[in-house]
Amino acid sequence: MGCEKLANQYFVSHKIPVITARLFIHVGVGGTDSLAINQFCKQIALAEIGKGPKEIRHGNLKTLRDITNARDSAPILIRLAEEGTPGEAYNVGSGNTISIQSLLDTAIGMSTVSVKGVEDKSRLRSFDEKKLVANIDKIKKLTGWVPATDMTDTVREILNFWRKKVRALYCPEPGDCPNAK
């Protein structure tokens, strides 16, 4: 919020045409493993090659989050820069929620080995909002954008990315990972 206020002040004081994009959770191939879906997929990929436990450690699965595939939202950010009103702020998200439990279940369903989720107390937050969802009416009105909300393909793409990455890191030579398929 501080950056948003500062940017708006530059617009008001100096007429710099600032447009604020309030990004909710955007995920995709190559994303950080600090986000739950990337962490789940990384752990599954490690388990599949025998370099990690067959337990997917997680925090609170009951939360609901507004998650968008970055490939879906990136073009809208460009349009926002081109068509947005200076001094205005726009929420960029899906406008829907998905449970973290559902993301984990989807990823586990794609695993080539039997894995199960296990709560890891170190991954629980002292405060965790139950529901975060963007009101995207303003950006929809401006651009007509209707975000994709099915995360199945996104989860598959992220899992396949982590499969390639962990194999490259842990199985550079044939036979390094006999469990790798």
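A crossing of two helices is left-handed if the near helix is turned anticlockwise from the far one by less than a right angle, and right-handed if clockwise. The model is predicted, so local features need pLDDT of at least 70 and side-chain atom pairs pLDDT 80 or more, while totals for chains, interfaces and linings use all residues. Residues are numbered from 1 along each chain as its sequence is written, and side-chain values use heavy atoms, without hydrogens and water.

**Exercise 1.** Work out how α4 and α6 pack.

*Solution.* Start with the helices, which are DSSP runs (H or I, at least four residues) numbered from the N terminus: α4 covers residues 100-109 and α6 residues 152-170. Next, their axes, lines fitted to C-alpha atoms over the stretch in contact, with angles from 0 to 180 degrees between N-to-C directions, come within 10 Å and cross at roughly 55°. The crossing is right-handed. Finally, L103, T106 and A107 of α4 meet T152, V155 and L159 of α6 (contact: heavy atoms within 4.5 Å).

**Exercise 2.** Find the aromatic pair and classify it.

*Solution.* The whole structure holds one such pair (ring centres within 6.5 Å; planes under 30 degrees apart are stacked, over 60 edge-to-face, the rest tilted; Trp counts by its six-membered ring). The centres of F161 and W162 lie 5.3 Å apart with planes at 80°, so the pair is edge-to-face. Now check burial (buried under 20% relative accessible area, exposed over 50%, partly exposed in between; 1.4 Å probe, protein chains only): F161 is partly exposed at 22%, and W162 is buried at 4%.

Definitions and conventions:
Helices (H or I, at least four residues) and strands (E, at least two) are DSSP runs, numbered from the N terminus.
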